[in-house]
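Please look over the structure shown here before reading the notes on it.

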Amino acid sequence: MPETEAEIVVEDPGAPAGDSPALTTNRTVEIVVSLLLLALAMLLAFDNWRTGMSWDSTGPQAGYFPFYLSVILAGACVYGIGREFLPRRQTSETFVTRDQLRRVLQVFAPTLLFCLFTQWLGLYVASFLLVAGFMAFIGRIAAWKSALTAFLFSLVMFVTFEIAFDVIMPKGPLEALLGH
Amino acid sequence: MKRKLGSFASALACLALTTGSASAWEPSKPVEIVVAAGAGGASDQMARMIQVAIQKNNLMKQPMVVSLKGGASGAEALIYMKSSSGDANRLLIAYSLIYMLPLSAKIPFNWRDLTPVSVVALDQFVLWTNAQLPYKTVKEFADAAKSANPPFKMGGTGSKREDHVLTVFLEKKTGAKFAYLPYKSGGEAATQLVGNHTQSNVNNPSENLEVWRAGQVRPLCVFDKERIQYKTKVTDTMSWNDIPTCRDQGVDVQYLMLRAMFLPGKVTPEQTAFYVDLFRKVTETREYKEYMEKQALKPIFLTGKDMLKFLEEDDALNKSLMTEAGFVAN
Amino acid sequence: MEAFGLLVYGFSVLLTWKTLALMMVGLVLGIFVGVLPGLGGPNGVAILLPLTFTMDPTSAIVMLSCIYWGALFGGAITSILFNIPGEAWSVATTFDGYPMAQQGRAAEALTAAFTSSFIGSLVAVLLITFLAPGVASFALKFGPPEFFAVYLLTFCSFVGLGREEKHKTIISMTLGLLLAGVGMDTVSGQLRMTFGLSDLLRGINFLVAVIGLFGISEILLTMEERLALRGHPARISLRVVLKVWKELPQYWVTLLRSSAIGCWLGITPGGAIAASFMSYNLAKRFSKDKDSFGKGRIEGVFAPETAAHASGTSALLPMLALGIPGSGTAAILLGGLMVWGLNPGPLLFVEHKSFVWGLIASMYLGNVVGLVLVLTTVPLFAAVLRVPFAAIAPMIVVSCAIGAYAIQNAMFDIWLMLAFGIVGYVFKKIGIPLAPFTLALVLGNRAEDSFRLSMIGAGGDMRVFWSNGLVGSITTLALILLFWPLISSAIARIRPAVRGGA
């Protein structure tokens with residue numbers, strides 16, 4: 001162990017600029033989320049009403065609690081929306097700036113692709129692609145370092161899960177080709 | 001990049017090396033026994049016994065893994081098996097839920113989607129009551145239940161399943177009414193009976209064995225046409241064979257539950273043959289025989305046409321019971 | 001003192017080089033599976049169980065119980081470092097543990113977690129040693145109304161705690177309860193809210209939701225901010241360890257309360273998960289500085305970890321004495337016992353004395369050896385934070401996906417995890433608290449089932465929740481906690497008046 005007292009400082013050249021324009025405010029997002037939850041609450045309320053939501057001789061039926069919970073959820077959402085429209089509100093905080101959204105998408109888009117690839121190529125190939133791609137393109141780390149790290153990581157995962165612990169992960173054509 | 005992929009391939013190939021290549025089919029990966037119930041239940045115990053029997057007697061080269069899929073009252077396991085079509089490294093340890101669940105909960109599942117391997121045992125049901133209660137016979141119990149207010153509580157596993165069906169038929173034959181409490185497992189039903197939160201349950205022998213030995217519960221009768229065959233003393237005074245049948249006690253309710261192994265659908269005949277042979281060997285092991293006696297199961301080995309015939313008849317019987325009990329969803 | 005003599009006998013069985021070596025192996029394997037995503041305690045122990053089939057029972061118990069300890073310790077590591085709880089009871093550890101790690105106090109948080117785990121388990125082992133027979137009969141007193149009262153108590157200890165706006169807490173909790181209800185309803189055997197999708201049949205798995213809500217959303221949030229991580233390089237930090245230990249005595253009330261809660265809920269079959277939440281909430285409720293919770297307060301790590309491990313350990317007691325496992329991992333150990341032909345039940349303590357006391361002795365030893373082992377590995381784990389974010393982020397994503405998939409072998413769960421990642425990201429930004437959501441998702445079903453079973457048993461009579469001293473006092477306590485803000489302000493109003501009068 002090196003005996004240093006220095007702090008680790010990780011530099012972040014691609015950090016979002018502080019003055020990036022705001023894309024949307026918390027208020028807008030809150031209203032959208034509330035509306036979505038309201039729709040979900042109504043859908044669930046309907047389904048539970050269909051299941052049976054009364055209180056019969058032996059206590060509540062299967063849909064009883066979920067039905068009233070959906071009603072409460074809907075109520076809380078309506079309250080939230082109503083409050084956002086009250087005039088007394090001061091200006092809302094920024095939900096996300098353009099720079100921030102760009103950075104979030106930089107993680108989210110690869111994650112989404114990773115999930116898609118897992119479905120087709122199996123988890124290990126997808127994980128190699130994700131780690132290597134992310135390190136190289138977003139972390140701007142040298143290609144060979146990225147590829148090597150990704151390969152070792154995927155291999156270690158493979159050995160640990162498939163071989164040592166018999167935990168079976170989704171696999172794709174490459175593994176099939178190698179007889180696994 | 002190419003070289004890297006090459007080394008990846010060779011590394012994988014090294015790891016993938018497996019032993020031998022005999023002419024008959026053999027599993028090349030660990031075999032998973034899927035249990036459609038929670039930990040510690042009768043299915044889980046049986047799966048572990050099979051795991052040990054196979055491992056100790058070296059009946060198979062690959063290891064066996066028990067995986068518990070008791071979610072959604074066991075429906076999780078059924079859907080899992082159905083979606084594993086063609087995968088011969090996966091076995092379901094099935095019981096009557098394969099007939100009942102599709103009827104009561106409209107689960108898109110039919111046991112004919114799977115490949116039957118063998119029936120390995122038949123399980124009994126016994127009517128139990130708390131030992132502190134004064135009822136020594138079914139008649140005393142039924143009379144007390146008839147006049148009880150609030151009604152006696154009957155514990156069982158799951159809703160609209162074998163335990164619930166038995167309770168309904170017990171009600172029909174005795175005229176008593178029970179408040180049926182669906183617990184998550186037979187173990188829970190047993191403890192709740194001991195804790196006096198219920199007056200009775202209809203557990204399998206194995207589920208109540210330990211509390212019976214501790215003198216906390218009392219068996220009243222067994223739901224079969226004949227007594228259980230095992231005559232070794234389980235408690236100080238009684239053996240399984242000393243429990244009278246319900247029919248002799250004037251309550252003619254009978255139910256036997258299968259314990260059977262299934263492969264997923266679309267497996268080859270060679271693969272099925274391997275497992276048929278494997279389970280035939282399992283039923284010949286000492287572990288299996290001891291287990292049957294200890295848990296008071298009926299040993300049986302059915303496969304092929306016999307098994308299919310058994311399943312069809314059993315399916316029809318369960319369907320009629322479920323319909324009569326009013327548990328079939330519409 | 002019969003127990004003491006038996007314990008000494010237990011130690012005499014264990015203290016050989018062979019068993020000590022097995023212990024170390026078990027602990028390392030346990031920590032390993034505890035840290036690995038998607039394995040965690042129960043799965044890890046299940047996978048390693050067959051290793052012990054060929055051993056003699058004593059070696060096998062030692063090995064298994066050490067795997068168990070290791071997995072318990074290991075669970076805290078991912079919670080603190082990456083905000084990914086491996087087990088339900090690690091969730092509360094993330095509330096303050098993760099902020100500490102972000103502030104560069106990862107080593108401190110880990111030490112706190114390990115130490116309090118040790119204390120919690122030690123209290124529980126002492127309880128097991130001296131109270132075993134009595135405790136079993138206490139656990140038997142729990143029927144459906146009692147279970148419901150306990151869950152009610154957990155929920156009530158939570159309501160009205162947060163700084164968030166009330167309607168957002170309500171949204172979060174109702175949503176959690178609703179999602180917990182998806183799938184098959186055990187009491188009626190009916191399907192609900194599945195819309196005919198067979199993937200929803202299983203229900204929404206709690207861990208999948210948590211991995212998304214905490215793990216994935218955290219990566220999105222981290223990315224959004226400036227990645228200027230500042231942390232001390234983790235040296236072999238005897239100083240950190242001593243610093244944390246020096247702080248311990250001032251939190252003795254929290255430690256004691258959390259141990260008590262943990263032990264109590266642990267021996268209540270099925271109550272172990274509630275323990276860490278409840279003790280975190282109570283620590284917060286009775287703290288003078290409520291607002292510092294959730295922002296990296298060390299007490300916020302002590303409380304849930306102590307309770308989690310006290311309950312995790314005492315959960316072994318109902319498993320041994322009644323055959324009812326109090327936690328997922330205990331359930332797998334139960335499977336192990338049955339393999340060796342030991343049927344857990346009331347007679348186990350009578351018929352297999354040497355086994356039971358060997359196990360209890362191995363709990364003491366495993367705990368001590370485990371603490372030393374994990375403390376020495378703190379720097380190793382804390383060093384992970386020095387790896388560049390661009391490398392660690394995708395690896396966390398992969399780990400989360402493995403974790404989500406492994407739980408039920410379902411691709412659907414990976415998508416569910418991703419969806420929960422977005423939900424977590426948005427909720428955190430607009431101030432909808434996630435803690436009530438997770439609590440509701442874990443306990444919602446059990447609370448509902450026990451309520452409905454009580455109703456069936458009582459013929460729909462609500463008075464069943466006051467039908468005996470035990471259930472009555474828990475229910476009343478729950479209601480007092482629920483209205484505590486009102487009650488405390490009422491007390492505050494009376495007190496000056498009294499003082500004025502005197």
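What follows covers a domain arrangement and then a helix packing.

The model is predicted, and the points below should be read with that in mind. In chain B the topic is how two domains meet, while in chain C it is how helices H7 and H22 pack.

**Domains of chain B**

- Chain B is divided into domain 1, made up of 31–65 + 77–89 + 98–122 + 257–325, and domain 2, which covers 126–242.
- Taken over C-alpha atoms, the centres of domain 1 and domain 2 of chain B are separated by 26 Å, and 15 residues of domain 1 are in contact with 17 residues of domain 2.
- On the side of domain 1 of chain B that touches domain 2, the elements giving two or more residues are helix H2 (42–56), helix H4 (97–105) and helix H11 (304–325), and H11(B) gives the most, with three residues.
- By class, that side of domain 1 of chain B has eight nonpolar, six polar and one charged residues.

**Helix packing in chain C**

- Helix H7 (residues 144–156) and helix H22 (residues 469–482) of chain C pack with their axes 8 Å apart, at an angle of about 15°; because angles under 35 degrees count as roughly parallel, H7(C) and H22(C) are therefore roughly parallel to each other.
- The crossing of H7(C) and H22(C) is left-handed, and the residues that make the contact include C:Ala149, C:Leu152 and C:Leu153 of H7(C) together with C:Ile474, C:Ala478 and C:Leu481 of H22(C).
- The residues of this contact between H7(C) and H22(C) divide into 14 nonpolar, one polar and one charged.

Methods
Residues numbered from 1 in each chain as written. Chains lettered and ligands numbered in written order. Predicted model: local features only at pLDDT ≥ 70, side-chain atom pairs only at ≥ 80, totals over all residues. Domains from an automatic or database assignment. Contact = placed C-beta atoms within 7 Å. Helix = DSSP H or I, 4+ residues; strand = E, 2+ residues; numbered from the N terminus. Nonpolar A, V, L, I, M, F, W, Y, C, P; charged D, E, K, R; others polar. Axes fitted to C-alpha atoms, helices over the stretch in contact; angles between N-to-C directions. Parallel < 35°, antiparallel > 145°, perpendicular 65-115°, else oblique. Left-handed = near helix turned anticlockwise from the far one by under 90°.
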